[in-house]
Amino acid sequence: MAVQGEVRRATFVRVIAIVLVVIAGLGLLIHTLNAGHHRPEGAAERWLAAVGDTGRKGVDHQARQQAERIGPVALAAPLLPSTHDPRHSEFSDLEVGKARRDGSDTVRVPFRLHQRLASGAGPLKQDTLVLHRAGSTWHVVALDTRRPGEKVRSEGGPPATRAPLVLWLGAIGLGVVLALIAHLITRYADITAQRAASASARAS
Amino acid sequence: MARSDRYLRLLLILLISATFFEGYDSSILALLLPNIQATFHVSEAVLGLTRIPIELGLFVAFFLARQSDRVGRRPLLLWSVVGYTLFAGLTALSWNIWAFTFFQFGSRVFLGAEFSVAITMVVEEFPVARRARALGTLLTFEGLGTIMVAILLGLGLQNGRLDWRAFFLVGIVPLLVLTVLRRRMHETERFVEERKRRERGEGTPRTPFLAAWASPYRRNLVLVGMVYLMRSIPFFGATAWWAYYAERERGFTETQVAVYILVAYGIGCVGYYVCGRLMERIGRRPTAIIYFLGGVVFSIILFQTTDRVVSFFALMLAVGFGLGVQPVLSAFGTELFPTEIRGQAAAWVRNWFEIAGYVFGPALVGILGDHSTGAIGNIGDTVSLLMIMQLPGIYLIWRYMPETKGLELDELSPVEALLTETPLA
């Protein structure tokens, strides 16, 4: 079926190439934005998740290795249930709170979890992990009882991380820029379509 | 010769499995993300990145589905079911996140093709008067697929010996159904007629691949495509990560997540119905603007509040507005194009612009919201910030979208045109 003002395949390939370049550029931008972020809250969460899987059949070896890279598994002994179902993690849920500075390279991260028993969710554990910074990574060095004010978000504490105000304002700005780009693309599509239509009308 | 009612009922039952499992399969990933992460010990960023190749499967499915014009609807549907079942089963056996990603990619390719061919078969086999209802039934089962995952989650299937893997083993059900009933499924009459014409050298010429981009349609295609894209990136980012966010950043249990999803999807259906009524009463543009704004506002509340009650209502309304906008989007995707190009324009909108959202939305949230290395560092703020991407979509609707209320369509209804390429003449 012949369609008036049809797009050439070469033009289509060119547009696809431009879109791919834009996507690659965005990928690089996001990679740059992410670079340099190493949050103690993330390390604490990952350590607890790995510790919870050290008794889980099939992934126990890998989980132990991953946990040991962040901190000694032995520190977690008070958190683990005395008996557990080896088909599941030893914790039925897990939430970490905001890190608080406790010295130049040390932070305290509150957490909350339930032990998993064969009969379902077990006792609640609310403690704090102490993490020490070594280079760009964080390591769990101790398990401590909570100090006053140390809470996770669901207990009314501050969020583990929060996007700064400048980012919210930046996002609104980006929304306006995107609207402008969308406006220009629509106008451009309109103009090229009109041009192609008048060209084919002249040709006929 | 028209098909008998009995055959059409049987056909619909067979095809329902295709749409049901599209909803089911997509929802497993969304609702069991924390379990899958725990098994493979990967970061949020890696989980987000793996969504890119997985969802690209739906894009590849677009090309596989086009092969049904050559080999026939029936064989492609049957082989797609076999392919989907195989990859769903293999997903259950995944030994690491990359094996899981590859098997899910394969599963998406066949599931997408199965879905597309199922819609084409309904369009070609059902008489006009019953077509929209049959399509409506198929789409309803897509939503029921999500509800089924929530029910199984509530029943604790993930607590069994196989953990989340058991959910993927349910994917072998369509193969069992088709194994029993495949001999009773026939090739569509339109395809048989077309094949005969082709053998005589009188086949209908295919619409060129780029026909929808021709100058008369280009502006509307770009316009509708951008509206779809800017909605789908934040929307699919939000739906893919809500369960993870609720469990890891708000302390929800798996059971609470299951209950919230069940109720929210129930209300979501009401949003869909209200949208259909509203767009006829006040017009497409105002309805779309109301729904887009509602989706943005309630999604931001949902991903910011710590109050469980507020969260419950915000989820219901976010799903109601976010999912419920589909009828008016379908209208934009079809009513702005003439009949001869409508199906293809709708296919471009769905398979290129909307699927871009499936691919990049969840990935962006995972990478930027990674708790350890993400630039934003949490899922809640990342989704809320991405919601702002819908503002340009609202602007485009307000500034450029033509109002099509009361417009007569000569052949295809908006829903059927949106979901398939132009069926054979």
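The legends below describe views of helices in chains A and B and of chain B as a whole, in a predicted model. Local features need pLDDT of at least 70 and side-chain atom pairs count only at pLDDT 80 or more, whereas totals for chains, interfaces and linings use all residues.

**View 1. Helix α1 of chain A, residues 9-34.** This helix (a DSSP run of H or I of at least four residues, numbered from the N terminus) has 26 residues and reaches 37 Å from its first C-alpha to its last, close to the 38 Å expected at 1.5 Å a residue, the expected span being 1.5 Å times one less than the number of residues. Its buried residues are A:Phe12, A:Ile30 and A:Asn34, where buried means under 20% relative accessible area with a 1.4 Å probe and protein chains only. After α1(A) comes A:Gly36, whose phi is positive, near 90°.

**View 2. The crossing of α12(B) and α13(B).** The axes of α12 (residues 254-281) and α13 (residues 284-302) of chain B, lines fitted to C-alpha atoms over the stretch in contact, come within 7 Å and cross at roughly 145°, the angle running from 0 to 180 degrees between N-to-C directions. The contact (heavy atoms within 4.5 Å) involves, among others, B:Gly271, B:Val274 and B:Leu278 of α12(B) together with B:Arg284, B:Thr287 and B:Tyr291 of α13(B).

**View 3. Chain B as a whole, with 19 helices and 0 strands.** Along its principal axes the C-alpha trace of chain B spans about 65 × 50 × 35 Å, and 64% of its 425 residues count as buried.

Key:
Residues are numbered from 1 along each chain as its sequence is written. Chains are lettered from A and ligands numbered from 1 in the order in which they are written. Side-chain values use heavy atoms; hydrogens and water are left out. Helices (H or I, at least four residues) and strands (E, at least two) are DSSP runs, numbered from the N terminus. Buried means under 20% relative accessible area, exposed over 50%, partly exposed in between (1.4 Å probe, protein chains only). A crossing is left-handed if the near helix is turned anticlockwise from the far one by less than a right angle, and right-handed if clockwise.
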